[in-house]
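This briefing concerns the packing of one protein chain.

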Amino acid sequence: MKKRIVAAIASVLVIGSLSACGSGSAQGNTNSGGVKTIKIALESQDPPYSYADNNGKPAGFDLAVLKELDKKLPQYSFEYSVQDYETALVGVKQGKYDALIGAFFKTKARAEQYLLSTPYNYYFMNLIVPEGSPINSLKDMNGKTLDPIVPTDGRYLAIHDWLKRNPKVKITVPEVSNQSTFQDMFNSVHDGTYDAVYLSKAQYEGVASTLGYKMKVTGIVDGAGTVVLYNKEQKDLQGAIDKQIDSLISDGTLPKLTQKWFKQDNFALAKKLDVFQS
């Protein structure tokens, strides 16, 4: 209903604007009522953050966040599409999609290729190891090897930042060009190929029932904010969403969503770990 009201108001404004400018400047994906359709890609294999359900439809925490943002942005209408990691990144960079969400960290490389939002959530890393493993922290990984991480993954930057802060700890972090599925990551640790997966407890729990065996999840070993990636042309969208993210954190909406999906207030925990960004 709010979007229809804004559309009616926007119609008047568009007529006035066209009269003043003397040219038709409306973008192709903006309807006659002034509501702009925003095409958002969601990563297809990152439960519980973002994934395709059994019917191929988008699902997960990130979708719940987007729906709350859509309610707050009557000038936009969000359309969702689930895509694999690499296809989604290329699609946003080339303008096929306006934005991408999927538990992405803010990195220097991403900031050079995309516009980035303020953090809408916090991702906490654990180590996923075989049951009975003595590993409980990153320091316990000295001389051992993590499951490979693609260099474009924010976890790659996070673990190397941690290693710079802890130079006495030597952990091998193999690189791959295509990231394995979660199931393959856990299988490679369960069969002894690698010593641990550097990932969140929530992501392990998202696929744990499909593995056929149990793994041990350590306590939190690190944390970072997660951001929306936008096409470089979407500065207005970036500003509008950033403003509403701050509002939804302040009014408790996003903290409540994290309690629903992760059984904890991620924002309170981020403040406790001193990684919260306002």
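In helix H3 (residues 85-94), the buried residues are Tyr85, Ala88, Leu89, Gly91 and Val92; buried means under 20% relative accessible area, with exposed over 50% and partly exposed in between (1.4 Å probe, protein chains only). These residues lie on the same side of H3, because they cover an arc of only 165° around the axis, the arc being that of the directions from the helix axis to the C-beta atoms. The model is predicted: local features need pLDDT of at least 70, side-chain atom pairs count only at pLDDT 80 or more, and totals for chains, interfaces and linings use all residues. Residues are numbered from 1 along each chain as its sequence is written, and side-chain values use heavy atoms, with hydrogens and water left out.

**Surroundings and ends of H3**
- The cover over the buried residues of H3 includes E1, E5, E6, helix H4 (108-113) and strand E11 (222-230); helices (H or I, at least four residues) and strands (E, at least two) are DSSP runs, numbered from the N terminus.
- At the start of H3, the backbone nitrogen of Glu86 has a side-chain oxygen of Asp84 within 3.3 Å.
- Gly95 follows H3 and has a positive phi, near 95°.

**Strand E1 and its partners**
- Strand E1 (residues 36-43) is largely enclosed by the rest of the structure, because 6 of its 8 residues are buried.
- E1 runs parallel to strand E5 (residues 76-83), joined by 8 bridges; two strands pair if DSSP finds at least two bridges between them.
- Within this pairing, Tyr80 in E5 stands opposite Ile40.
- Strand E6 (residues 99-105) also pairs with E1 in the parallel sense, over 3 bridges, and Ile101 in E6 is the bridge partner of Leu42.

**A three-stranded sheet**
- An open sheet of 3 strands has the order E2-E3-E4, with antiparallel pairing.
- Strand E2 (45-46) and strand E4 (58-59) are its edge strands, each pairing on one side only.
- E2 is joined to strand E3 (residues 50-52) by 2 bridges, and Ser50 in E3 is the bridge partner of Asp46.

How values were computed. Contact means heavy atoms within 4.5 Å. A polar contact is a pair of N or O atoms within 3.5 Å; within protein, one must be able to donate a hydrogen and the other to accept it, and residues adjacent in sequence count only if both atoms are side-chain atoms.
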